[in-house]
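This report describes selected helix contacts, aromatic pairs and individual residues of one protein model. The sequence and the structure follow.

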Amino acid sequence: MFFGRDEKKESQKLGEAVPLLPLRDIIVFPHMVVPLFVGREKSIAALKDAMAHKRADDKAVILLAAQKKAKTNEPAPDDIFHFGTLGHVIQLLPLPDGTVKVLVEGVRRARIKRFLPNEGFFLVEAEEAQEVVDRTVEIEALVRSVHSVFEAFVKLNKRIPPELLMQVAAIDDPARLADTIVAQLSLKLNDKQSLLETESPAKRLEKLYELMQGEIEILQVEKKIRTRVKKQMEKTQKEYYLNEQMQAIQKELGERDEFKNEIQEIDEKLKNKRMSKEATLKVKKELKKLRMMSPMSAEATVVRNYIDWILSLPWYEETKDRLDVNEAEKVLNEDHYGLKKVKERILEYLAVQALVQKLKGPILCFVGPPGVGKTSLAKSIARATGRKFVRMSLGGVRDEAEIRGHRRTYIGAMPGKLVQSLKKAGSNNPVFLLDEIDKMSTDFRGDPSSALLEVLDPEQNHTFNDHYLDLDYDLSKVMFICTANTVHNIPAPLQDRMEIIRIAGYTEMEKRAIARRYLIPKQREANGLADVPVSLTDSAIRIIIHRYTRESGVRSLEREIASAFRKVARDVLKNGKREITIDRKQAMKYLGVPRYRHGTKEREDQVGIVTGLAVMDTGGDTLTTEATVMPGKGKLIITGKLGEVMQESAQAALSYVRSRAERFGIDKKFSDNFDIHIHVPEGAIPKDGPSAGVAIATALVSALSRIPVRRDVAMTGEITLRGRVLPIGGLKEKVLAAHRAGMQTVVFPEENRKDLREIPKKVRKALRLVPVEFVDAVLREALVLENPDQFIPKPGAPVPEVKPSAESAAQVG
């Protein structure tokens, strides 16, 4: 329905055509008089139209509705709330800059029914909202509650004049009361619009009551904060005044000036302290500033602390190295069993130091699993060389300032842990242990691993600059030793600056020797059994190693021995001192149900079951790989929580077997008629890496050809599509695991032959170690064949049919 200006009176029955004034960030309520500054052309045109078409009562009517977003300069109908206030234009005043100042008064609520076609400004059909008030007891109670809460609000809010409280107290009408009060509250636009759209005065009063209660709580908290801050300021001023008075009294009484004495002490230290030229000049400059400051000023405290730090550092103080190589070797052997490579490196350093007057300290990084003695080895190195020992744990460090310190501009600034540790050591050439260097992390405060690049670079660390000191300090004489469990968490540039020495897990023989030589005597003394003849048999130590620990080091072994000795201590107190021998049976009684079982070889040769080898955080272990064939359509199923790399190895192994099916005596069309399932047990443990390739290929050939795999053969190696066996890592740990599991043969890549030197001689003699280049050679070693010499060792030669032996055929059935 279209209403022109001439039809306005007729339209009042159904709705009223009125000009619309969109408002920004303000809502006009009924009974509210407010000045507005209008600048938009459409809005000015709407006001002029309202003034031009006044009613019979000489009132210019306009609809005041808020915009949903204040930043919208050219609002569309959808950008304006469809509920506003019909108002009267009381005064219109054009301003010199083209804008208009208008004084409007809200009269009653109105709802926009529709926008009428019009050019120049918004013209809408509006319908007046009906407000019905029943003067019930509930309404009277609401009115009183709102009056009471508003009174409390005015007392807390100093911006509302007290006279307004008198005016509001005189209002008895619920609708007018709600509209008058809401205009005084600092509410969000949407909250005010919600109150405007609430037609029921009772509901409006309820909402208003809730909003005022929330505002009162906020004002009460603000008042508490203001009171607390005021008290704190008064306390600070009082302390300052009393301190000034106290100083004046001391001066009058002729007491000694502590501040001057302190400066004299610093002067004496400076004369006797040998420092770099840069540091000496810096201290003199800061001391000059300190003399001119008030002793009670905050700046004086900062300068005093700074000078103390510089004077307390060991600039030229150092310990003399013990260069007797034989003595050092004796100390290292006393403290640690094995670890030949690490000991050789330390003795080499001492030998060169004895020949060369000045040598930059080495930067070593011991990498190995937990409990192999990395941290204790650093302490032994300090004892062997006669140096001081300091340790800094980097586990969880994520702030660069932990290394370099904070700049002096920060409150409570201090040097980094590096400088603090050197002060603690009291020498500039200690053995400095950076523990758990692979556990550092990064966040918005910087990257501590990048800060260590300067510290661990022999070409740069002679001018290390701490942010707090802002002076060059020479770290080149420090022997830095880092420890880590894994290398891949250490950034490549940091690895490049360190000499990485890998410490593998201990063999069973080494663990037994360590237990006899170090752990048992230590725990006997720790548990009060030094004068009690207690001993552990070899079988007891062996059962503890195998069934109660699963680790590369000896930390858990020491805990279990301590646990057994605690039981013995209780027995001694109960039954008296006597000779006690802990054998296998007694050890199991003391320690309870065995916790672990290490990988062992299968009881018999089986089809599709291969013993692979893997390296875990706890060291090497066997990894059984199973393959089975079932009727299907060539689907490959892989289970056992395998990672992407291991799954790809399985795909590569299957492709290799399919390409050579005829050579292996396998039906070429097996992929059309059978599904293959590959599974690696202990499915809860994630597994990944390419070294299981040959084990998977062997399991597939065995399952498809029905030829069993030898139970005493373990293998490792990455496979290619052409059947080559590529090198792998961690050969020593894997061979030790095979030896522990009772294997007799270990098949490994030819390119890893160089790593055999790291394996102990006893283990090498006990095992048959077979290096291979091609998977064919692996199969010849692993499968139970009638005539192994007829099997293809290399690709390219004619292939006879592969037949199982009579013994294995009986097992397969």
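## Helix contacts

The axes of helix α9 (residues 277-291) and helix α10 (residues 298-312) cross at roughly 155° and come within 10 Å of each other. An angle over 145 degrees counts as roughly antiparallel, and α9 and α10 are therefore roughly antiparallel to each other. Their crossing is left-handed. On the α9 side, the contact is made by Ala279, Lys282, Val283, Glu286, Leu287 and Leu290. On the α10 side, Ala300, Val303, Arg304, Tyr306, Ile307 and Ile310 take part. By class, the contact of α9 with α10 has 9 nonpolar and 3 charged residues, and no polar ones. As the model is a predicted one, these and all following descriptions refer to a prediction.

The crossing in which α3 passes α5 is left-handed. From α3, the residues in contact are Ile139, Val143, Val146, His147 and Phe150; from α5, they are Pro174, Leu177 and Ile181. The contact of α3 with α5 comprises 7 nonpolar residues and 1 polar residue, with no charged ones.

| Helix pair | Axes come within | Crossing angle |
|---|---|---|
| α9 and α10 | 10 Å | roughly 155° |

## Buried helices

How many of the 9 residues of helix α5 are buried? In α5 (residues 174-182), 8 of the 9 residues are buried, so the helix is largely enclosed by the rest of the structure. The buried residues are Pro174, Ala175, Leu177, Ala178, Asp179, Thr180, Ile181 and Val182. Among them, Pro174, Leu177 and Ile181 belong to the contact with α3.

In helix α19 (residues 538-547), the buried residues include Ala540 and Ile541, together with Ile543, Ile544 and Ile545. Against which elements do the buried residues of α19 pack? Their partners are α18 (508-526), β14 (534-536), α20, β15 (580-582) and α21 (584-591).

Glu560 is part of helix α20 (residues 555-575). With a relative accessibility of 11%, Glu560 counts as buried, since the cut-off for burial is under 20%. Leaving aside neighbours within four places in sequence, Glu560 is in contact with Ile544, Tyr548, Thr549, Leu591 and Arg595.

## Aromatic pairs

A pair of aromatic rings is described by the distance of the centres and the angle of the planes. There are 5 aromatic pairs in the structure. One of them is formed by Phe115 and Phe122, which are edge-to-face, at 5.7 Å centre to centre and with 75° between the planes. Phe122 has a relative accessible area of 11% and is buried.

Trp315 and Tyr473 form a tilted aromatic pair, at 5.1 Å centre to centre and with 55° between the planes. Trp315 lies in the loop between α10 and α11 (325-335), whereas Tyr473 is in strand β11 (residues 472-473), so the pair ties together parts that are 158 residues apart in sequence. Trp315 counts as buried at 7% relative accessibility, and Tyr473 is buried with a relative accessible area of 3%.

Asp25, a residue other than glycine, has a positive phi near 55°. Asp25 is located in the loop between β1 (16-23) and β2 (33-38). Is Asp25 buried or exposed? At 60% relative accessibility, Asp25 counts as exposed.

For Glu436, phi is likewise positive, near 55°, in a residue other than glycine. Glu436 occupies the loop between β9 (431-435) and α16 (448-455), and counts as partly exposed at 26% relative accessibility.

Glu239 is a residue of helix α7 (residues 201-253) and is partly exposed, with a relative accessible area of 42%. Glu239 and Asn429 are 190 residues apart along the chain, and their C-alpha atoms are separated by 46 Å.

Technical notes: Residues are numbered from 1 along each chain as its sequence is written. This is a predicted model: local features need pLDDT of at least 70, side-chain atom pairs count only at pLDDT 80 or more; totals for chains, interfaces and linings use all residues. Side-chain values use heavy atoms; hydrogens and water are left out. Buried means under 20% relative accessible area, exposed over 50%, partly exposed in between (1.4 Å probe, protein chains only). Helices (H or I, at least four residues) and strands (E, at least two) are DSSP runs, numbered from the N terminus. Axes are lines fitted to C-alpha atoms, for helices over the stretch in contact, and angles run from 0 to 180 degrees between N-to-C directions. Angles under 35 degrees count as roughly parallel, over 145 as roughly antiparallel, 65 to 115 as roughly perpendicular and the rest as oblique. A crossing is left-handed if the near helix is turned anticlockwise from the far one by less than a right angle, and right-handed if clockwise. Contact means heavy atoms within 4.5 Å. Ala, Val, Leu, Ile, Met, Phe, Trp, Tyr, Cys and Pro count as nonpolar, Asp, Glu, Lys and Arg as charged, and the others, Gly among them, as polar. Rings of Phe, Tyr and Trp (its six-membered ring) pair if their centres lie within 6.5 Å; planes under 30 degrees apart count as stacked, over 60 as edge-to-face and the rest as tilted.
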